[in-house]
Amino acid sequence: MATSRIAELADNIATNTSKLNGYLVANGLPSPSFDIDGPSDTLVPKNELDIEAARVAIIDDTQELRRLVLGPREYLMSYTVTITRFGLTHAFAVGSEASFSDIAAASSLNETNVQQFIRHAIVKDIFVEPRPGFVAHNAVSRLLAEDQVIYDWVGASTDDLWQGAAQTCNALEKFPGSQESNETGFALANQTDRNIYEEFSQFPSRARRFGNAMRSFTEGTGFELSHVVENFSWGEVKDGMVVDVGGSQGFACMAIAHKFPSLSFVVQDLEAVIVGAQEQVPPELASRIKYMGHDFLTEQPIKGADVYFFRWILHNWSDKYCIKILQSLIPALKPGAKIVLNDNVLPKPGVLSRWQENRLRSMDLTMTEIQNSHERELGAWAKLFKLADPRFEFQWGRQPAGANLWLMVAEWKPS
Ligand SMILES: C[S@@+](CC[C@H](N)C(=O)[O-])C[C@H]1O[C@@H](n2cnc3c(N)ncnc32)[C@H](O)[C@@H]1O
């Protein structure tokens, strides 16, 4: 007996699958399969209305079950609709109802476009239409209306990343084999010869939105900073210095600093990214976390630190530039200095669930779209260090239980 919507959906899916399967077996038709010789289309004849209805219900119910099990936040991060550009989620209050014309009056779209966008969103479980012509928030649209970070994720995905994705095949034709971060789909979409970070530095509001989109990862399941805090021996660094290279607003350092009160930190990023960051540091950490504008493609100015930490940096860069970034550290490195990476590691095909692998394979393509980079398997990470300089000793890489990102450690061993 179903006790909740997800149990009800599971029952419906089982019942309808059994109905569909029974029909196929009774009529000597093959079972759906993606094997090489499997049927290329559904085998249910169009006049079998009852069986066709069962098939359609399976499609609907499996989609709804997937969304419910993901929950509003992960759902929005797994699949987005163009819902943020015109502020539709902010056009009326949570808990109220609004007509399409009310929403049009509060946005720059006309009523027809509002209705198109919103009814399309409703079939994706964003908003509801409790009575004909009137719209209300559901949990998904409410999250967009109330959570600026997830709103910025959807905005950056659709207005920045999707635009780049659409131009990526054109970029690959125009710049075959390029490792340059400014010869990408993103660069073509923006008609610029700057890379994504240089481009955003010209547009503070886009930079802020992209920064927030990155934060939505930090706040998502599997990206908790506790994995970084708990899975490297920060305590052994004692009262040493950690440089967070490309550390954005310094969220990772703040998490580490809370647990390890003897460590001090320098967070480096592009000037535009760290504006105002020092003021955001909680007062109890402010004396130990400092910010510095620095381009990591140039020589590292902080000499003799114990750890140079790169969280989600090198996956943004092609091998040519990763090597350059690592080599830029060398003049600053003391013997025994650790290079700690917290980044994606590609699995071998088929090891993870399809859902998990799909996220990584999608990220892999996104890296190409925006920076001509790509994700790497563990061996490729180790090789990068070797190519940068044989005095880097790649020591280990592991994925903490429940974490999406791996920790990888190399040590500078000049002799
Ligand atoms: C994917 S974000 C990761 C941020 C942060 N480490 C984290 O884990 O949230 C990449 C960061 O690299 C910074 N960045 C890009 N190009 C840079 C450069 N040439 N020098 C320094 N920082 C750079 C960006 O501003 C951004 O903050």
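**Sheets, a helix pair and domains**

Trainee: How many bridges join β1 to strand β3?

Mentor: The structure is a predicted model, in which local features need pLDDT of at least 70, side-chain atom pairs count only at pLDDT 80 or more, and totals for chains, interfaces and linings use all residues. Residues are numbered from 1 along each chain as its sequence is written. Helices (H or I, at least four residues) and strands (E, at least two) are DSSP runs numbered from the N terminus, and two strands pair if DSSP finds at least two bridges between them. β1 and β3 (residues 134-136) run antiparallel, and the bridges joining them number three.

Trainee: How are helices α2 and α6 oriented, roughly parallel or roughly antiparallel?

Mentor: Helix α2 (residues 49-78) packs on helix α6 (residues 148-166) at about 20°, with the axes 9 Å apart. Axes are lines fitted to C-alpha atoms, for helices over the stretch in contact, and angles run from 0 to 180 degrees between N-to-C directions. Angles under 35 degrees count as roughly parallel, over 145 as roughly antiparallel, 65 to 115 as roughly perpendicular and the rest as oblique. The orientation of α2 to α6 is therefore roughly parallel.

Trainee: Which residues of α6 make the contact with α2?

Mentor: Residues are in contact if their C-beta atoms, placed from the backbone, lie within 7 Å. From α2, the contact is made by Arg73, Leu76 and Met77; from α6, by Ile150, Trp153 and Val154.

Trainee: Which strands stand at the edges of the seven-stranded sheet?

Mentor: This open sheet has mixed pairing and the order β6-β5-β4-β7-β8-β10-β9. Each edge strand has a single partner, so one side of each is left without a neighbour in the sheet. The edge strands are β6 (289-293) and β9 (392-398).

Trainee: What is the bridge partner of Val307 in β8?

Mentor: Strand β7 (residues 307-311) pairs with strand β8 (residues 338-343) in the parallel sense, over five bridges. The partner of Val307 in β8 is Lys338.

Trainee: How far apart do the C-alpha centres of domain 1 and domain 3 lie?

Mentor: The chain is divided into domain 1 (5-73), domain 2 (88-146), domain 3 (153-214) and domain 4 (222-412), with bounds from an automatic or database domain assignment. Between the C-alpha centres of domain 1 and domain 3, the distance is 39 Å.

Terms used:
Contact = placed C-beta atoms within 7 Å.
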